[in-house]
Amino acid sequence: YYYFKYVGIIVYNNLVIKCYPKYIKNDDNDSINENLKIIMKVIRKYGNNESVIEMMNGEFEDLKFNLLSIILFILYDYIDNGLYSSEKDIYTFNGEGEIDWNKTIDNTYAFIKNGIPLYLDVYTNTSVDDEFNYFKQLHMYVIGQCSKIIEELCLDKIFSLPKFYFDVDEYYFNDTQVVLNNIEKEMSVQFITRKQVVLQTIYKFISHRDINSLGYGISIFGTSNFNLVWEKVCKSVLNDKLDYSLDNIGVNLIGEHKKEDTLRSLIEKPLWIPNIENTHEDKKIEHEATKTLIPDGISIFELNNKKYFILFDAKYYDIVFNTTKIYNNPGVGDITKQYLYELVYK
């Protein structure tokens with residue numbers, strides 16, 4: 001058998017491998033696909049908070065080009081932000097836009113009244129979206145190609161993506177080198193961050209389209225650290241207050257505390273002290289550790305007029321628990337940490 005320490009989608013040429021979290025058991029295809037659809041949304045949301053492209057790459061640094069990652073970025077960016085736009089200026093004689101005084105002075109006559117020039121005719125300037133801009137058309141072409149690939153791989157429903165089609169003349173984008181040269185020129189004069197990112201992503205797609213014409217190579221979308229995703233989900237659902245200031249947790253405290261103190265900062269770091277006297281200096285030797293134990297989540301809430309302070313430890317295990325046995329369960333170290341946290345917060 002094959003073992004995957006991974007949750008997400010793996011594409012090898014035209015073969016699609018779907019890797020589910022370990023707690024999802026074999027079920028009917030509709031149910032499994034619906035679960036995977038939700039998981040892909042969760043991973044994408046986690047990736048948006050961390051780092052989009054890196055997350056889509058599944059933390060595999062050796063994967064120089066990840067077609068699936070590029071495609072999903074292009075499609076989701078289009079859904080969120082629309083097409084690449086470019087404005088052009090239109091000059092109108094006595095129009096309704098802003099008056100262009102330089103053009104008006106150079107091309108019309110002024111009437112002088114009391115020493116003040118009066119212009120009866122003016123040129124106005126209006127900025128409009130250039131519908132036939134080369135890069136807008138290129139963006140439409142690439143979105144259509146990406147949508148086609150996702151549909152061919154039968155991943156459109158898994159990623160909740162509709163089909164996109166634009167009526168563009170593909171002839172203008174057949175020569176790969178010409179397209180890449182044009183993108184480089186546009187990037188040299190484009191200073192809007194979002195447009196720069198879109199151009200860079202389109203460049204990657206175009207530069208590799210010939211390589212992937214015989215197959216899609218190896219592409220992935222997911223994570224090999226789903227336990228971290230699960231931990232983030234637990235924090236969100238349980239309204240984690242680990243990084244709340246002590247003034248905002250809704251609990252009356254015993255003793256004094258600093259304004260900047262949080263529940264996290266109350267856990268002291270180990271202090272290292274030698275068991276022999278320092279004979280070289282008068283100063284006492286001691287070193288504070290750089291790290292300490294941190295609970296996964298703390299939930300504070302009131303229920304039936306009673307307040308609860310609960311320490312959570314998020315675990316990503318496939319536990320077997322029945323009347324005869326238990327295995328794949330957390331170890332004794334995981335349990336003892338919880339008692340340690342209880343002592344700290346008491």
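Analyst: Let's start with α5, which is mostly covered: 14 of its 19 residues are buried, meaning under 20% relative accessible area with a 1.4 Å probe and protein chains only. Bear in mind that this is a predicted model, where local features need pLDDT of at least 70, side-chain atom pairs count only at pLDDT 80 or more, and totals for chains, interfaces and linings use all residues. Residues are numbered from 1 along each chain as its sequence is written, and side-chain values use heavy atoms, with hydrogens and water left out.

Helix α5 covers residues 134-152; helices here are DSSP runs of H or I with at least four residues, strands are runs of E with at least two, and both are numbered from the N terminus. From first C-alpha to last, α5 reaches 27 Å, close to the 27 Å expected at 1.5 Å a residue (that is, 1.5 Å times one less than its number of residues).

Now for the two ends. At the start of α5, Asn-133 brings a side-chain oxygen to within 2.9 Å of the backbone nitrogen of Phe-135. After the helix comes Cys-154, with a positive phi near 60 degrees.

Elsewhere, there's a hairpin to look at. Strands β11 (residues 297-303) and β12 (residues 306-312) run antiparallel and are joined by 7 bridges; two strands pair if DSSP finds at least two bridges between them. Ile-300 has Phe-309 in β12 as its bridge partner. The hairpin has 2 residues between its strands, and Asn-304 takes a positive phi near 55 degrees there.

Definitions and conventions. Buried < 20%, exposed > 50% of the residue type's maximum accessible area, 1.4 Å probe, protein only. Polar contact = N/O pair within 3.5 Å; in protein donor to acceptor, adjacent residues only side chain to side chain.
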